[in-house]
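This briefing concerns the protein chain shown below.

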Amino acid sequence: RVSEIKYYVFLMLVLSGISGYAQNSNVNLTGRNVQNLDGKWNVIIDWYDSGSATAISANKKPAGATDFTEFSFDNSQTLNVPGDWNSQRAELKYYEGTIWYKRDFNYTKKPGKHVFLSFGAVSYRSDIYLNGQKIGSHEGGFNSFNFEVTDQIKSGLNLLVVKANNERRADAIPARKFDWWNYGGITRSVNIAETPEDYITDYFIQLQKGSPNQIQGWVQNSSRKPQHIKLAIPGAGIDKTFKTDTNGRALINLNAKLVLWSPAKPKLYKVKISSSADTVEDKIGFRSIEVKGRDIVLNGRPVFLRGISFHEEVPQRQGRASSETDSRMLLTWAKELGCNFIRLAHYPQSEQTVRLAEEMGFMMWEEIPVWQGIQFTNPEILGKANMMLGEMIDRDKNRCGIIIWSLSNETAPSPARNATLKQMAADARKADPSRLISSAYDHFKNSRNEIVIDDPLSESLDVLAVNKYMGWYQSWPAGPGNVIWKSNFNKPLIFSEFGSEAMYGNHGSKDTASLWTEEHQEQLYKDNIEMFKKIPFLRGTCPWILADFRAPGRMHAQFQEGWNRKGLLSDKGFKKKAWYVMRRFYEQKQKQDL
Ligand code: GCB
């Protein structure tokens, strides 16, 4: 009995990656037998959060004509999954609270199979019930999670109920205030996945940091029974066997002759991993990424990151991007701008966006929503942030397109913040030694026309990243060509944010350029680029932002009306004048790179 308990504790720790959260096992769905549960789900809008979990999760019905049940899924409204609720019903546009979702589904139990219920994302908190039994809870609106339901699922009709709640709270991540729409609901796909009794729980297969030919990683098996794990990459002539240790883990270390993935040639290999009872397949790319002095080096060559940021939002629809078509639209815009790099702002975006971006040849920065105003003095914050970081790394660690994990955005230096982020940087490195770590910050030492990067967090980072809105939130202390950036750290810098707001179609002559005009934004981009040219350690730029986005705090009556207008594209996807300035800059940069 004791050894069984020990085994399960061990298994839970293994499954939970670095997060230490037992419920969140990591079962790669790619190449597995999955049953998709997307579509129309019944919903109960619980405005005052007064519904009884016991009754609702059991889909309780009136006992007879004289019994009454106020909350019922019978004849209820429906919402599409995946999808935010705000854009699906007018009365939910600003809704922050609880909605109960229900889906019935048929299932045939198979002997000797583990069954997992997997969620791409639920914003922000969720409680999951299967056949009236609580399966687990999850916090965080942008990470995937799953629960084993082998014992709760049954043959025949199953009742799945999800309580989703997107109230903003001070102790959440992000906290109470953030500059994007607080979309709620089951925003990404839901699946049931099956594995054999003894199965491959996870794997990490990437090139060792800085190496063009040394594949390094591991394959984790669910059981500790020693066995052989086969790794086949037919396109590279690899067919090798590795032995699991007493923890069920096989360490992978092999030399390979590979066509390296790059934005110009985003080569992905078919990879097949088999244990004695299980097989998983994936498409994996190999590239080396490292920092050398003040350079970011991809496959042995210094690169300039021609970046752009976007939110996971389709502005034309005023809703969360939720389909592959949505991801493709955003990424195609980025391609047209001349980018080779995406900053996925400000949270892990969907797996389909990440996979598609990789296929299309984008390097990526992925971050967790540790965004301003976080309660760093709250002892629970490190655990929550690390859970999110762990879940992000768990899901995307085999995506070579991701080159940077970012820990936070615009957090003010303080002993609690510095210690928390330092610890997170160390934990991220431990979980994934192959990538670069960054964090976007906005606190500097300013004196006249000199700006000095001195944030102590920089010690823990590979790449320095600054958000600085010269000419918008800060007036120019000197002509753009005379602003001097200095850094106390011998590391590469990227401008992770800069820009200004302009309303598409609002024009002013260049001489009388005023705020909110396309001409003002155009000039501001030209000025910033002039400044960039004078920063010797600048290795990338990421304008804020690809397209105008919904933000409830942006209420300028004439120009914003709930939109942040810093897009290079309008809310309808029209190009503002600044778009062309940025595209020209990237064309030049690309030529220099070749
Ligand atoms: C920032 C934030 C970003 C905002 C942007 C703005 O510094 O990182 O989330 O949307 O500025 O528009 O002010």
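With which residue does Lys163 form a salt bridge? In this predicted model, the partner of Lys163 is Asp49, and the closest N and O atoms of the pair are 3.4 Å apart. The two residues belong to distant parts of the chain, being 114 residues apart. The chain as a whole is divided into domain 1 (31–196), domain 2 (201–287) and domain 3 (291–593).

**Salt bridges**

- The count for the model comes to 40 salt bridges.
- Side chains of opposite charge can pair when their charged atoms come close.
- In the pair formed by Lys163 and Asp49, Lys163 is in strand S9 (residues 156–165), whereas Asp49 is in the loop between strand S2 (39–46) and helix H2 (53–57).
- Asp282 forms a salt bridge with Arg399, for which the closest N and O atoms are 3.3 Å apart.

**Interface of domain 2 and domain 3**

- A distance of 32 Å separates the C-alpha centres of domain 2 and domain 3.
- In the contact between these domains, 20 residues of domain 2 take part, together with 25 residues of domain 3.
- About 1800 Å² of area is buried between domain 2 and domain 3, and carbon and sulfur atoms give 53% of this area.
- Lys209, Trp261 and Arg287 supply 37% of the area that domain 2 buries against domain 3, which is more than any other three residues.
- The interface of domain 2 and domain 3 is crossed by 3 salt bridges.
- On the side of domain 2 that touches domain 3, strand S11 (200–207) and strand S17 (279–284) each supply at least two residues.
- S11 gives the largest share of that side of domain 2, with 6 residues.
- The side of domain 2 that touches domain 3 comprises 12 nonpolar, 3 polar and 5 charged residues.

**Helices H3 and H8**

- Helix H3 (residues 324–337) and helix H8 (residues 577–593) have axes that come within 8 Å and cross at roughly 65°.
- From H3, the residues Trp333, Glu336 and Leu337 meet Trp579, Met582, Arg583 and Tyr586 of H8.
- By class, this contact of H3 with H8 has 5 nonpolar and 2 charged residues, with no polar residues.

**Backbone features**

- Ile173 and Pro174 are joined by a cis peptide bond with omega of about 0°.
- Pro174 is located in the loop between S9 and strand S10 (190–196).
- A cis peptide bond also runs from Trp544 to Ile545, with omega near 25°.
- Ile545 is found in the loop between strand S33 (538–541) and strand S34 (549–550).
- Gln372, a residue other than glycine, has a positive phi, near 35°.
- The position of Gln372 is in the loop between strand S25 (363–367) and helix H5 (381–396).

Definitions and conventions:
Residues are numbered from 1 along each chain as its sequence is written. This is a predicted model: local features need pLDDT of at least 70, side-chain atom pairs count only at pLDDT 80 or more; totals for chains, interfaces and linings use all residues. Side-chain values use heavy atoms; hydrogens and water are left out. Domain bounds come from an automatic or database domain assignment. Contact means heavy atoms within 4.5 Å. Buried area is the accessible area (1.4 Å probe) that two parts lose on being put together, summed over both. A salt bridge is a side-chain nitrogen of Lys or Arg within 4 Å of a carboxyl oxygen of Asp or Glu. Helices (H or I, at least four residues) and strands (E, at least two) are DSSP runs, numbered from the N terminus. Ala, Val, Leu, Ile, Met, Phe, Trp, Tyr, Cys and Pro count as nonpolar, Asp, Glu, Lys and Arg as charged, and the others, Gly among them, as polar. Axes are lines fitted to C-alpha atoms, for helices over the stretch in contact, and angles run from 0 to 180 degrees between N-to-C directions.
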